[in-house]
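Subject: Structure handover

Hello,

Here is the structure I said I would pass on. Please open it alongside these notes.

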Amino acid sequence: MYDIETYPNVFTLALEHSEAPLCWSFEISDHRNDSKEIIEFLQYLKDTNARMVGFNNLGFDYPVLHTLIRMGKSDARSLYDKAMAIIHSQDDDENGKWMHQVNPTDRFVDQIDLFKIHHFDNKARATSLKVLEFNMRSESIEDLPFPVGTNLNAEQIQVLKKYNRHDVAQTKKFMHFTTDMLSFREKLCTLYPGKDWLNFNDTKIGKEFFAMKLEEAGVALYDYGSKGRTPRQTPRPTIALKDAILPWIEFQHSEFNRVLNWLKDQVITETKGVFNDLTATVDGFTFVFGLGGIHGSVESQVVESNDDHVIVDLDVASYYPNLAITNGFHPAHLGRDFVTIYKNLYEQRKSYPKKSAESAMLKLALNGVYGDSNSRFSVFYDPLFTMSITLNGQLLLCVLAEGLMQIEGLKLIQVNTDGLTVRVPRSQKMLVDLARAAWELRTGLQLEEAIYKRMSIRDVNNYLAEYENGSVKRKGAYEYDMEWHQNAGGLVIAKVAEKVLVENAPIRETLHNWPDIMDFMLRTKVPRSSHLAIERDGVTSQLQNITRYYIAEGGGHLFKWMPPLAKNPGQWRKIGVESGWGVQPCNDIKDAGKLPVDYDYYIREVEKLCLGLA
């Protein structure tokens, strides 16, 4: 495990063995120059076939180290200038992030980048090591101790080296959450040598694997010319949506027919904006259409199964991949081999346990191909294929819903992307089974059934669903098993809300008796151009740019200070965080007991998830 820090007059490198408490620290500054020792250590790693693991090391740390290796000896300023060149290239140009990266075959020591494996290089999933420290519930969260570009004195250098070691320890901690993902990638390196599988995110692995299989089948994915390699694609200046819609789809209800006929009349030049305000209301239930899928739900209700009624959830198995496989949808330039490969990958996924890393990867791969079909940079690009999947996916769910809604006493509860949920008289459940079978026969798709005991629904994106076996499905505000890029703050709110809704637990008493202080923790962050401050008893203190805190009785008031806007160039913006509530910062968890928890805040937030559900 390793991490570097670069300042104009000091460069530090900290390393720690991934499985043992063995640590190393190197420095290049006015006081000492460990260039020779660093290169000797890296040579030892190379000779022993070691791998260096970091966080954004392919984009930053390793290119700086590689510069030192090529130079043989360096001063701190040269390495700092290289670091700044990397940062500025990323700021100035979308493609600049590739300028300084070192090809896998040119790396002195093999590299593993946790940042890339978890796809944090995607803007929607961008996550810093500091956010991970919060989500991992680390004892301390430490931000960079000195502004970038500062010349450090001897005492400050020691503080920097301590911080450097802390970051390595946190990277090591995160790596151990990544063990299964790394093991899977190592298998791929053995099975399919020649690609940098170790540093591919799940979706990229799937797409690379898919592309590899297409090329093995003789499908050409690229053209080669004076501009180098360019992906083969099928761009569409215009798309008549009727060409994307399965010709046999039809409806009895006028609202569904209105939507169908409107779509068939459309000729589009881009896929965005097709579904603006496109809805259909049938028997009081509103279906909302969108590029990402259909959705709709009853709101602010608790829906229960009982002796007379049962809640039935029907999801289409691997909906988007199977739409392509069953109907032969494919990007025009890839031909029918695309469908064959798609089917093979789907069958391969079924051979793995559902919770295995292989199954998760192949699921993302199967769905990722659909997403990439709308990317102008992808070998899968054909927006007609995209629209064939998304249009038919929504319309076929409407076909299913229309058939089910004809059953006497049945009420539609939700529809969402790949399935729907109904509440039906138990005496009519057999008719649901018949409608399901008829739809499956007609579409060639398979529906998977689940029976819910109860659903607590705020809206289509936020609900709890209790299965008959006692397990719980959580969505949106009710989730607390978070992904690494999500905000894992205030988890006590969702956890207590679940106990209230599922077990009828009292809110205040449950919160007061909650055993884990970490569940009360919240976090806020600002970019380096801004800062956080806390005001208490007339005294203002600056905080780290990412700060962990909880709502506390007698706490200070937290503010973000943001740079001025162009229209008011001299006026910094002061924005309250948790306005009206006091907070206790505790980037060091030892500070958690300094002030009592203000339970009123958490009670209010739990009530938002529980009250108003009739």
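This is a predicted model: local features need pLDDT of at least 70, side-chain atom pairs count only at pLDDT 80 or more; totals for chains, interfaces and linings use all residues.

Pocket

I looked at the second largest pocket, which holds about 480 Å³ of space. Its lining is made up of 23 residues. M1, H17, S18, A50 and R51 are the ones that lie nearest the centre of this pocket. Four elements each supply at least two residues of the lining: β2 (10-16), α1 (35-47), β4 (51-54) and α7 (179-191). Of these, α7 gives the largest share, with four residues. Sorted by class, the lining comprises 14 nonpolar, five polar and four charged residues.

Helix pair

Helix α1, already mentioned as part of the pocket lining, also packs against another helix. The axes of α1 and α2 (residues 57-71) come within 10 Å of each other and cross at roughly 105 degrees. An angle of 65 to 115 degrees counts as roughly perpendicular, and α1 and α2 are therefore roughly perpendicular to each other. On the α1 side the contact is made by S35, I38, I39 and L42, and on the α2 side by L65, L68 and I69. The residues of this contact divide into six nonpolar and one polar, with no charged residue.

Backbone

Most residues other than glycine have a negative phi.

- N49 has a phi near 55 degrees, positive although the residue is not glycine. N49 sits in the loop between α1 and β4. With a relative accessible area of 69%, N49 is exposed, because the cut-off for exposed is over 50%.
- R137 has a phi near 60 degrees, again a positive value in a residue other than glycine. The loop that holds R137 runs between α5 (129-135) and α6 (154-175). R137 has a relative accessible area of 26% and is partly exposed.

Strand residue

Is T524 buried or exposed? T524 is buried: its relative accessible area is 6%, and buried means under 20%. T524 belongs to strand β20 (residues 522-525). Neighbours within four places in sequence aside, T524 is in contact with L532, N545, I546, T547, Y549, L558, K560 and V577.

Regards

Notes:
Residues are numbered from 1 along each chain as its sequence is written. Side-chain values use heavy atoms; hydrogens and water are left out. On a 1 Å grid over the protein atoms alone, a cavity is a set of points where a 1.4 Å probe fits but cannot get out, and a pocket is an open set with protein on both sides within 12 Å along at least five of seven lines; lining residues have an atom within 4 Å of a point. Grid points are joined across faces, edges and corners, and a volume is the space filled by probe spheres set on the points. Ala, Val, Leu, Ile, Met, Phe, Trp, Tyr, Cys and Pro count as nonpolar, Asp, Glu, Lys and Arg as charged, and the others, Gly among them, as polar. Buried means under 20% relative accessible area, exposed over 50%, partly exposed in between (1.4 Å probe, protein chains only). Contact means heavy atoms within 4.5 Å. Axes are lines fitted to C-alpha atoms, for helices over the stretch in contact, and angles run from 0 to 180 degrees between N-to-C directions. Angles under 35 degrees count as roughly parallel, over 145 as roughly antiparallel, 65 to 115 as roughly perpendicular and the rest as oblique.
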